[in-house]
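Let's take a walk through a protein model together. Keep the picture open while you read, and try to find each piece as it comes up.

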Amino acid sequence: MNDSAKQIAGSLLQIKAIKLNPTNHFTWASGWYSPIYCDNRKILSYPAVRKQVYEAFAALIAEKYPQAEVLAGGATGAIAEKMGKPFIYVRSAPKSHGLTNQVEGEVKPGAKVVVIEDLVSTGGSSLSAVEALQKAGCEVLGMVAIFTYGFPAAEK
């Protein structure tokens, strides 16, 4: 674990984003049950922790994906702002009304995209986002996440 990962983990503990409940397990979006949960939405209420996360992400993306043109994800616009790159939002499913978009924002076919996640358990949601971006004609370079449980990949 590198220094920024250790610092972010410490910050998540400090703001009480990491929850432990060994007797009443949490249910994740994947359907898995776990005694641990990391509530990354708490980061939104702590500007110093937000900055710590987006600066670490910006450095990681610049190092690992220097050719990235667009950043995609959920509540990750601050990272795109920090890097001066366009940001697009990927929904878990297409909207049932309006334009029925799954990918929101403007992205050109062939754009090189990095997906940003707050949390990864099995990777199923991440794979869904990658598929939606590929259908939109994007080249997905990779993905970064604040927190991962390191479970085996979801099967499609």
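Predicted model: local features only at pLDDT ≥ 70, side-chain atom pairs only at ≥ 80, totals over all residues.

Five of them form an open sheet, and if you read across it the order is 7-6-5-8-9, with mixed pairing. Strand 7 and strand 9 stand at the edges with a single partner strand each, so one side of each has no neighbour in the sheet. As for what holds such strands side by side, strands of a sheet pair through backbone hydrogen bonds, and they can run parallel or antiparallel. Strand 5 and strand 6 are a parallel case, joined over three bridges.

**Two helices**

Now find helix 2. It has 18 residues and reaches 25 Å from its first C-alpha to its last, close to the 26 Å expected at 1.5 Å a residue. Which residues of helix 2 are buried? They are Val49, Val53, Ala56, Phe57, Ala58 and Ile61. Look at the numbers in that list with a bit of helix geometry in mind: an α-helix has 3.6 residues a turn, so residues three or four places apart point the same way.

Helix 4 covers residues 124-135, which makes 12 residues. At 1.5 Å a residue helix 4 should span 16 Å, and its end C-alpha atoms are 17 Å apart, which agrees. Its buried residues are Ser126, Ser128, Ala129, Val130, Ala132 and Leu133. What covers these buried residues of helix 4? The cover includes strand 5 (70-73), strand 6 (87-90), strand 7 (103-104), strand 8 (112-120) and strand 9 (139-148). After helix 4 comes Gly137, which has a positive phi, near 90 degrees.

In soluble globular proteins, nonpolar side chains tend to be buried together. In this model, the largest nonpolar core has 21 residues, and Leu12 and Ile61 touch the most other members. Helix 1 (3-14), helix 2 (47-64), strand 8 and strand 9 are the elements that give two or more residues to this core. Helix 2 gives the most, with five residues. Apart from this core lies another one, of 14 residues, and Val70, Val90, Ala111 and Cys138 are among them.

**Salt bridges**

Time for some charged side chains. The structure holds four salt bridges, and the table shows some of them.

| Salt bridge | N to O distance |
|---|---|
| Arg91 and Glu104 | 3.1 Å |
| Lys108 and Glu106 | 3.9 Å |
| Glu139 and Lys112 | 3.6 Å |

Glu139 lies in strand 9 and Lys112 in strand 8, so this pair ties together parts that are 27 residues apart in sequence. Glu139 is partly exposed, with a relative accessible area of 39%, and Lys112 is partly exposed too, at 26%.

Arg91 is partly exposed, with a relative accessible area of 28%.

And the pair of Lys108 and Glu106, buried or exposed? Lys108 counts as exposed at 58% relative accessibility, and Glu106 is exposed at 63%.

**An aromatic pair**

How many aromatic pairs does a search of the whole structure find? It finds one. A pair of aromatic rings is described by the distance of the centres and the angle of the planes. Here the partners are Phe26 and Tyr37, 5.6 Å centre to centre with 35 degrees between the planes, which makes a tilted pair. Phe26 is in strand 2 (residues 26-27) and Tyr37 in strand 4 (residues 36-38), so to speak two distant parts of the chain, 11 residues apart. Phe26 is partly exposed, with a relative accessible area of 23%, and Tyr37 is partly exposed at 31%.

**One last stop: Gly110**

Finish in the loop between strand 7 and strand 8, where you'll find Gly110. Gly110 is partly exposed, with a relative accessible area of 42%. Leaving aside neighbours within four places in sequence, Gly110 is in contact with Glu69, Gly137, Cys138 and Glu139. The C-alpha atoms of Gly110 and Gln134 are separated by 9.1 Å, and these two residues are 24 residues apart along the chain.

Note on methods. Residues numbered from 1 in each chain as written. Heavy atoms only, no water. Helix = DSSP H or I, 4+ residues; strand = E, 2+ residues; numbered from the N terminus. Expected span 1.5 Å × (residues − 1). Buried < 20%, exposed > 50% of the residue type's maximum accessible area, 1.4 Å probe, protein only. Contact = heavy atoms within 4.5 Å. Phe/Tyr/Trp six-rings, centres within 6.5 Å; stacked < 30°, edge-to-face > 60°. Core = buried A, V, L, I, M, F, W, Y, C linked by side-chain atoms within 4.5 Å. Pairing = 2+ DSSP bridges.
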